[in-house]
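Visitor: I would like to go through this model one place at a time. Could you take my questions in turn?

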Amino acid sequence: MIPGTDEYGVDVTVADEDIERLLDVTPADVDPAPELSFCRNVFVPLTTACRYTCTYCTYYDPPGQATLLSKEEIRETVRRGADAGCTEALFTFGDDPDDRYTEIHDRLAEWGHDSIHTYLREACEIALEEGLLPHANPGDQTREQMAEVADLNASMGVMLETTAEVQAHGGPRAKNPGQRLRTIRTAGELGVPFTTGILVGIGEDWADRAESLLAIRELDERYGHIQEVIVQPVVDNERWRGGSPTVDTLRRTVAMARDCLPESVSVQVPPNLAPAREVVDCGIDDLGGVSPVTVDHVNPDYEWPGLDELRAVADHAGVPLRERLPVYDRYATDEWLSGRIADAIDAPDTAGERFRAVRDRGTNPTSVSSD
């Protein structure tokens, strides 16, 4: 049984024989994708408060140092993104701040909010007003918390990271795989197009990687809501000096993901953290969200590649590069999109024209417009 699943009522089971079969997969067993995609986004770190203290993470700040963006800062950031031609407002924050972050709770109360999730809803409203489609990645969420914001998001996400209990998650506020899986399941129950993924190199072994990918597959088979799975290597930073996985390890893990997941689910490696050219033949078909105006606030030491570098990766693979929206094409339907998001894409304004131009280029990928 996956650790913690009983505690959170998540009935995800992975058969030992499926793990064994996946462990035999190599890069030679998968085919390169026929194209590569990416999304132009703006990164909005709503708050750096987090109840977890993962040893590889530089995103969270301790109590007394954590920040909370004001509505004015949010509006300025997303407006810059829209002006730069972005389509996605990527909202991130540490998992539901606990009682240690009294300053954050007090400020939210001053602004008329009893939780970070109701404030996220207001932030998503601002993004839509300024011409961007929200994609919120707020960590673990209850059904009520996700439902609070789902209708204002084109898609949402949370990294599963791993189903293993690893020391990097240790401490009194350790992440629990069961809670992560429950969040992914909740997205399926609510019909939210969802991005998830695994971390490579935080103390998990090969069987853990296989189990994590198979758990994601099981939830997608149940709800059909997984649009993308990220295979992300851990990288050195001021809190993590454990090293990164080798290229061979990353190649094998990506191949396992591609073999395990249905063709409809995209596989991504983040191009600022992974040697994309060296794994492009292992089945990746997406290079993730990159920003022309903001840094990667989760990994600030690792700059986003420019559009020219993304083109170079695609040229190296001999495939076209296309821009996409934060919601994948197969989910851009009335069945999956809320009325608010569908109206934003269809709106007869500058933002709607930008969304439709990206969507239509994705339908017929030939080239990507310049920055």
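Guide: The model is a predicted one.

Visitor: Is aspartate 140 buried or exposed?
Guide: The cut-off for buried is under 20% relative accessible area. Aspartate 140 has 2% relative accessibility, so it counts as buried.

Visitor: Where is aspartate 285, and which backbone nitrogen lies 2.9 Å from a polar atom of its side chain?
Guide: Aspartate 285 is in the loop between helix 9 (276–279) and strand 8 (286–290). Its contacts beyond four places in sequence include Ala33, Arg258, Ser266 and Val267. With serine 266 there is a side-chain to side-chain polar contact of 3.1 Å. The backbone nitrogen at 2.9 Å is that of valine 267.

Visitor: What is the relative accessibility of aspartate 285, and is the residue buried or exposed?
Guide: Buried requires a value under 20%. Aspartate 285 therefore counts as buried, at a relative accessibility of 18%.

Visitor: How are helix 1 and helix 8 oriented to each other?
Guide: The axes of helix 1 (residues 16–23) and helix 8 (residues 247–260) come within 10 Å and cross at roughly 125 degrees. Angles of 65 to 115 degrees count as roughly perpendicular and those over 145 as roughly antiparallel. The two helices are therefore oblique.

Visitor: How many charged residues are in the contact of helix 1 with helix 8?
Guide: From helix 1, Arg21, Leu22 and Leu23 meet Arg252, Met256, Asp259 and Cys260 of helix 8. By class, this contact has four nonpolar residues, no polar ones, and charged residues numbering three.

Visitor: Why do the buried residues of helix 10 line one face?
Guide: In helix 10 (residues 307–317), the buried residues are Leu307, Leu310, Val313 and Ala314. Residues three or four places apart in an α-helix point the same way, because there are 3.6 residues a turn. Seen down the axis of helix 10, its buried residues line one face because they fall within an arc of 120 degrees.

Visitor: Which exposed residues does helix 10 carry on the face turned away from its buried side?
Guide: The cover over the buried residues of helix 10 includes strand 1 (36–47), helix 9, strand 8 and strand 9 (321–323). The face turned away from that buried side carries the exposed residues Asp308, Asp315 and His316.

Visitor: Which residue follows helix 10, and what is its phi?
Guide: The residue after helix 10 is glycine 318. Its phi is positive, near 70 degrees.

Visitor: What is the phi of glutamate 161?
Guide: Glutamate 161 lies in the loop between strand 4 (155–157) and helix 6 (177–190). It is buried, with a relative accessible area of 7%. Although glutamate 161 is not a glycine, its phi is positive, about 75 degrees.

Visitor: What is the relative accessibility of methionine 156?
Guide: Methionine 156 is found in strand 4. Its contacts beyond four places in sequence include His135, Met146, Val192 and Phe194. Methionine 156 counts as buried, with a relative accessibility of 0%.

Definitions and conventions: Residues are numbered from 1 along each chain as its sequence is written. This is a predicted model: local features need pLDDT of at least 70, side-chain atom pairs count only at pLDDT 80 or more; totals for chains, interfaces and linings use all residues. Side-chain values use heavy atoms; hydrogens and water are left out. Helices (H or I, at least four residues) and strands (E, at least two) are DSSP runs, numbered from the N terminus. Buried means under 20% relative accessible area, exposed over 50%, partly exposed in between (1.4 Å probe, protein chains only). Contact means heavy atoms within 4.5 Å. A polar contact is a pair of N or O atoms within 3.5 Å; within protein, one must be able to donate a hydrogen and the other to accept it, and residues adjacent in sequence count only if both atoms are side-chain atoms. Axes are lines fitted to C-alpha atoms, for helices over the stretch in contact, and angles run from 0 to 180 degrees between N-to-C directions. Angles under 35 degrees count as roughly parallel, over 145 as roughly antiparallel, 65 to 115 as roughly perpendicular and the rest as oblique. Ala, Val, Leu, Ile, Met, Phe, Trp, Tyr, Cys and Pro count as nonpolar, Asp, Glu, Lys and Arg as charged, and the others, Gly among them, as polar. The arc is that of the directions from the helix axis to the C-beta atoms.
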